Amino acid sequence: MLESKYLKDNIQNIQKLMSIPALKHFETRNLAKILRLSKIREYDDGELIIKEGDVDPWLYFLLAGKVIIKKRGIEISRINAIGEIFGEMRIIDDEARSADVVADGHTVCLAVNTSAHKQYATGTSTDKEETLDFILLLYRIFAEYMSARLRLTNTELIKAKMEAGKLRKKIQPAE
């Protein structure tokens, strides 16, 4: 993995963040905050990005390439849409990582250190308001993606149930 230093909140970087679908509607000050907590990470084909069981604080936005999500070595999903997030479940429920995420080809991600927001939590009431804004920003992003993924999962579940019903009919003896 190649990793940058924490990013600067300059106008060029903020404009790049605005090109990420999940972030395009957020205020410049919130995008600047995300940048200060972010690094660019590049992975080679097959390189592990997230390891099942880990407890790291990183949230990822896909900037280029693709990733494969595996549970116990079995592929459960692929992500290839620029701006898609992954690694959010650990941040939401504070549990260990529930799956491996592996680069599929050369992959570039924006990695956001979600534990760093705690540095804003001390100090003035303005600092505390900024921390709340940051947390709300993250949870809004999570909610949008979780809703989209739940809809997709529902569609896949219906297809699987329909297929299982067809298979049952084929193997059940005629009465």
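## A salt bridge between R78 and D104

The side chains of R78 and D104 meet in a salt bridge, with N and O 2.6 Å apart, the term standing for a side-chain nitrogen of Lys or Arg within 4 Å of a carboxyl oxygen of Asp or Glu. This pair links distant parts of the chain, since R78 belongs to strand β6 (residues 74-79) while D104 sits in the loop between β8 (100-103) and β9 (107-113), 26 residues apart. Helices (H or I, at least four residues) and strands (E, at least two) are DSSP runs, numbered from the N terminus.

R78 is partly exposed at 46% relative accessibility, and D104 is likewise partly exposed, with a relative accessible area of 24%. Here buried means under 20% relative accessible area, exposed means over 50%, and partly exposed lies in between, with a 1.4 Å probe and protein chains only.

## Basis of the description

The model is predicted, so local features need pLDDT of at least 70 and side-chain atom pairs count only at pLDDT 80 or more, whereas totals for chains, interfaces and linings use all residues. Residues are numbered from 1 along each chain as its sequence is written, and side-chain values use heavy atoms, with hydrogens and water left out.

Side chains of opposite charge can pair when their charged atoms come close. By the rule for salt bridges, the count comes to seven. One of them joins K39 to E3, at 3.3 Å from N to O, and this pair links K39 in strand β2 (residues 38-43) with E3 in strand β1 (residues 2-3), 36 residues apart. K39 is buried, its relative accessible area being 14%, whereas E3, at 38% relative accessibility, counts as partly exposed.

R41 also forms a salt bridge with E3, and the closest N and O atoms are 2.6 Å apart. Because R41 lies in strand β2 and E3 in strand β1, this pair ties together parts that are 38 residues apart in sequence. R41 is buried, with a relative accessible area of 8%. Through salt bridges that share partners, E3, K39 and R41 are joined into one network.

## A nonpolar surface patch

M89, I92, Y139 and M146 make a nonpolar surface patch of about 330 Å². Patches consist of residues with over 30% relative accessible area and no salt bridge, like charges being joined within 9 Å and nonpolar side chains (Val, Leu, Ile, Met, Phe, Trp, Tyr) within 5 Å. The elements that give two or more residues to the nonpolar patch are α3 (88-93) and α4 (125-171). I92 has its place in helix α3 and is partly exposed, with a relative accessible area of 36%.

Technical notes. Areas by Shrake-Rupley, 256 points an atom, 1.4 Å probe, with all protein chains shown as cover.
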